[in-house]
Amino acid sequence: MKAYLELLQDILTNGEKKTDRTGTGTISVFGRQLRFDLAQGFPMVTTKKLHTKSIFHELLWFLSGDTNIRYLQENGVRIWDEWADENGELGPVYGSQWRAWETVDGRSIDQISKVIEQIKRNPDSRRHLVNAWNVADVDQMALPPCHFTFQFYVANNKLSCMFTMRSIDSFLGLPFNIASYALLTHMVAEQCGLEAGELIWSGGDTHIYQNHLEQVELQLTREPFPLPQLLIKRKPDSIFDYKYEDFEVVNYQSHPTIKAPIAV
Ligand SMILES: Nc1nc(=O)c2c([nH]1)NC[C@@H]1CN(c3ccc(C(=O)N[C@@H](CCC(=O)O)C(=O)O)cc3)CN21
Ligand SMILES: O=c1ccn([C@H]2C[C@H](O)[C@@H](COP(=O)(O)O)O2)c(=O)[nH]1
């Protein structure tokens, strides 16, 4: 995860001070890319301890099409609490757009099933895309999608994924997002009979919140450990049948947690 630490240093060195919606203030750069070869290990930050449980449950929750935080809370995951209404609803966020994009003529499109079918049937297609930025729905969402699109690519029997984010909380959000899309790529690869290739992150407004600066400085004093590996213990019939217990991250050696306030 040297590339991630270099990104943090890049923001510290080149970032411009900006105000932001949450009133916290950031330093920010615009337009960056990171690449991870998934054969080299599972890309989890090792210079602080990451809560894998939150990351894995959140992805399973997206894939189930759910947009209510009940499932997360039942599994001890609190990362979406601040954005939900009194009924736990977030509006038509990721899960809804991924699994049930509503069309003007009243149909519902399951983008995840579709993209997996396409990868199997026509791996060389250049249209393996999933989109969460539904222009008609954005105003009803508790938070407009930050990771708003992703694309798959097949070559040499390997599946690569590029995901794009418009806005990046580089200290708290990005480590979660990288691990989450790495997991998704491994799952889709397994379902399609492919190996996991590269994971590419593309970022727009890539920022560090002003109240994360000390935490970032501390993290940059730490030496990364070798990457852990992801173990998927079985191959279910479909991408929607994975359970939390099917995954294990082995050999995750990390420095201690670094606490930081989340900007709401
Ligand atoms: N400002 C902000 N940053 C984000 O990364 C973010 C949002 N808002 N809003 C929506 C989701 C929620 N996400 C979150 C929310 C909280 C943590 C967080 O507090 N992480 C802690 C540990 C939390 C846990 O117990 O899992 C961390 O130390 O990584 C991470 C991602 C990512 N997104
Ligand atoms: O998966 C996520 C979700 C959110 N974020 C961050 C990026 C920003 O810091 C905030 C969103 O605020 P906006 O004003 O809507 O840009 O949440 C993230 O990094 N990863």
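Modeller: Happy to! The chain has 264 residues, and a compact globule of that length would have a radius of gyration near 18 Å; the chain has 18 Å, which agrees. Here the radius is taken over C-alpha atoms, and the globule rule is 2.2 Å times the number of residues to the power 0.38. Please keep in mind that this is a predicted model, in which local features need pLDDT of at least 70 and side-chain atom pairs count only at pLDDT 80 or more, while totals for chains, interfaces and linings use all residues. Residues are numbered from 1 along each chain as its sequence is written, and side-chain values use heavy atoms, with hydrogens and water left out.

The chain holds 7 helices and 10 strands; these are DSSP runs numbered from the N terminus, with helices (H or I) of at least four residues and strands (E) of at least two. Buried residues make up 50% of the 264, where buried means under 20% relative accessible area, exposed over 50%, and partly exposed in between (1.4 Å probe, protein chains only).

Now to your salt bridges. Side chains of opposite charge can pair when their charged atoms come close. The rule asks for a side-chain nitrogen of Lys or Arg within 4 Å of a carboxyl oxygen of Asp or Glu, and by this rule the count comes to 9 salt bridges.

Start with Asp-10 and Arg-32, whose side chains meet at 2.5 Å, N to O. Asp-10 lies in helix H1 (residues 2–14) and Arg-32 in strand S2 (residues 26–37), so this pair ties together parts that are 22 residues apart in sequence. Asp-10 is buried, with a relative accessible area of 18%, whereas Arg-32 is partly exposed at 25%.

Finally, look at Asp-246 and Arg-234, which form a salt bridge with their closest N and O atoms 2.9 Å apart. Both lie in the loop between strand S9 (229–232) and strand S10 (247–250), so the pair ties together parts 12 residues apart in sequence. Asp-246 is buried at 7%, while Arg-234 is partly exposed at 36%.

Key:
Chains are lettered from A and ligands numbered from 1 in the order in which they are written.
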